[in-house]
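Please keep the display open while you go through the numbered points.

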Amino acid sequence: MKISFVINNQKVSLDVDPTMRLLDVIRNELHLTGTKEGCGEGECGACTVLMNEEPINSCLCPVINAANKNIMTIEGFRETSEYRVIADAFADRGGSQCGFCTPGMILVTYSLLKKNPHPTEEEIRFALSGNLCRCTGYQAIVDAVKVAAVKGIKL
Amino acid sequence: MKKFDTSVKKVDNEEKMAGLAIFTCDIRMDDAYFAVQVRSEKAHAKLKGIYVPKLPKDYYFISAKDIVKENVVNIIASDWPVFADKKVNYIGEAMGLIVGPDKGMCLYLASLCKGEYEELEPVFEMKNSYVHKEFTKGDVSKFKNAKKVFTEEFTTGYQEQVYLEPQAMLMYMENNQIVVKASMQCPFYIHKAIVRTLGCKESDVRVIQPAVGGAFGGKEHYPSLMAAQLATAIVKVKKPIKMFFDRKEDITYTTKRHPSKTKISAYMDAKNNIIGVKIHVGIDGGAYIGCSMVVLSRALIAATDVYTFENVDISGDAYCTNKVPSAAFRGFGSPQSIFAFELFINHLADYLKVDRMQLRMKYLVKQGDVTSTSGLFRDPIVLKELADKAMEMSDYKHKVKLYAKDKSFRGIGLSMFLHGCGFTGSGESDLIKAQLRIKKDKNGIVTFYTSQVDFGQGNRTTLKRIVSDTLEIPEDQVIYDAPDTNETLSTGPTAASRTIIIVGGLAAKAAAHLKQIWKDGEEQEIIEPYVGPSYIKWDEAKMQGDAYPGYAWGVNVVEVSVDPITYEVKIEGCWSTYDVGHAIDERILMGQADGGLAQALGWAYLEKEVAENGMFKQKTLADYSIPTTMDLPNMETELIDNPFKYGAFGAKGAGELTFVGGAPAFALALEQAIGRKVHDIPATPEYIMELLNHEN
């Protein structure tokens, strides 16, 4: 089945099984490997991508659900000025250790700050609660979001 | 927020944040076949044969019959077979592999394979010891003079590492070598495992480390099993092969933290002075010993925690059960025994009707004290200062009195602990024999090689910095890449909190040596061997002597509140102080501090893994839950500088230390909140309900 969508500002049309996971399409068909599989059941958030600006678990999303939507992965987002602000904040606070959860964390951070430029600590923790990290204890990531919020992502 | 004045930019920041870092599963190799394990469904049975369906073209079944030389995985005990042969000893043990071009087809074919079993009686309880160790200090015959004896038992549960990247391995042939890229901790463990099972030359195997998404001990030994299996397969299949575990396979069939059962008795004279303590630590090693004897050693050496007693009787057993083998996990046995002793000494104070902190301070270790293994605490100890600082940060003294009186279901607990850095005893000099290669080209560009893996701890950054700072050259004049066994000599495994204290010290020494002989415009190369402190003498058989080259110290304070209706626990605050010698990079150190404590708190109250008839009941991250952002509060950490003379720039180990004290601090806080004694973790709401339903 032919399915079309926009990914990282480029239109793609793919002939794929519509029940295929969006994650597999991104990684195996489009070879964008910044999106990770940590659990395959929507618990860890390592596969987070933005669909029409909203973070979703791409492991739970059949590719048909992406039809005619706008998908952003870390490969697209890293080209933006907003990415720079968030990545610098993560670097400043030590928010990335092994790095496997990091692309997902960064996309969720962007989505939060876009909707809520000055979140409270509780709002930050709530927004990131679907993304697991086993290295940092989250402290450095939460602090990084605070730093990014102070700096302000340019929208 | 802290300012990290001592920190430099992490070398892998950009690649990891931008999604550019290539993990094993990201390596593109379109012609690679897939391998899927065919696993035992029985916990204990004679294996009469294996039914394998007729395989389509290009699909293979690989089993013990295909072993080239030795059906043994090269892990310390050498008792774990590459493929089960004639007998299976746990559910999930690999009896073979299905290998072929399509992963879905491999999974389907593997599901059709069936063992032909003759069932044997399985053992799931800790009753059959396969490793026993014991040692004493002082005169334990004095125990019989005791006027009072106080005894308690403690248990701890399984813990799954939950590195975010599941186990993954890719193997292929290139330039007449077997090349391995995998999610790993110890490139040379994998290298040796392949050489041993194939009986090939060392030069026939090359191990290269890609980006690794967390490990925590879980990728210390299990990848050796995967490597031996894939190596057996590649000899027959002659194609690149990938074996990637999904999360369910990873939780269900790979190694975990040893569950433990610890019994402690204290013997008191008429004046309530402690004559001595007797401790037995039992750990559940699972079906194969693997590294359990070393885990047991560490648990026993740490069994009296940070307290000195004149007379000590310590023994322990690792037990064989028909379950997935337990193996390395941050702390390596000491979190289990220290959890028990920290609770015990507090309970003992209650029994003796004396102030808890006073009793602890009375027996607190001091510089010059004799260790439980009759070695010496040689270096300055600042534990008292660490405790004072942690109490001040957390307002401990005020809160501990307040919560003792009120019925607010709040509590605060404080733990004190140590961690021996590096391999036990003279293991660094006698077994590992690290050698570090460093070279310089005509333009003054320095390259050095270690076998240390950076799976998130930041050691790529710190080791590089140790070399550039020692040479007093800019960091961009130093090249330090991930290990490749064709280039690097073994500087040992990335384990045992040894990377900075041992390899960092070696790197500094090699760099200082190069600086001494530096000649501009010339190519120069040095191979620097590790030489341990000469005072370290250790008798492994008798467990006597200096167990570690150095010790790192810590204090954790945890404050909790308990919902009196749902029994859910909320962690309200965490305050920590550490002596890691001198912290080379404070930001990296804070990452270890926060992450270690978070993982320890998960072990203490959230992470429940239970085996029923040899099968784990929790198989996914939906039912095995690790802490999320919502489960943890802000964590405050301070360091006290106490430079160690043998570490690079005074640094000791830090990776495991930060795990050790979380569970006892949590349990002590919980005790105060609910007014009951805690003896077991994880302290789930069900456990708390049970405690509250019974009188103390």
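1. B:K16 counts as buried, at 4% relative accessibility, where buried means under 20% relative accessible area, exposed over 50% and partly exposed in between, taken with a 1.4 Å probe on protein chains only. Its salt-bridge partner is B:D12, with the closest N and O atoms 2.8 Å apart, and B:D12 is buried as well, at 2%. A salt bridge here is a side-chain nitrogen of Lys or Arg within 4 Å of a carboxyl oxygen of Asp or Glu.

2. Before going further, please note that this is a predicted model, in which local features need pLDDT of at least 70, side-chain atom pairs count only at pLDDT 80 or more, and totals for chains, interfaces and linings use all residues. Residues are numbered from 1 along each chain as its sequence is written, chains are lettered from A and ligands numbered from 1 in the order in which they are written, and side-chain values use heavy atoms, leaving out hydrogens and water.

3. In chain A, A:R125 and A:E121 form a salt bridge of 2.8 Å, N to O. They sit four residues apart in helix α5 (residues 121-127) of chain A, so about one helical turn separates them; helices are DSSP runs of H or I with at least four residues, strands are runs of E with at least two, and both are numbered from the N terminus. A:R125 is buried at 6%, whereas A:E121 is partly exposed at 24%.

4. How many salt bridges does the rule find across the interface of chain A and chain B? There are four, and B:E607 with A:R134 forms a salt bridge whose closest N and O atoms are 2.7 Å apart. The area buried between the two chains, meaning the accessible area (1.4 Å probe) that they lose on being put together, summed over both, is about 4100 Å², with carbon and sulfur atoms giving 55%.

5. Chain B holds an open sheet of four strands in the order β19-β18-β17-β20, with mixed pairing; two strands pair if DSSP finds at least two bridges between them. Strands β19 (478-479) and β20 (524-529) of chain B are at the edges with a single partner strand each, so one side of each has no neighbour in the sheet.
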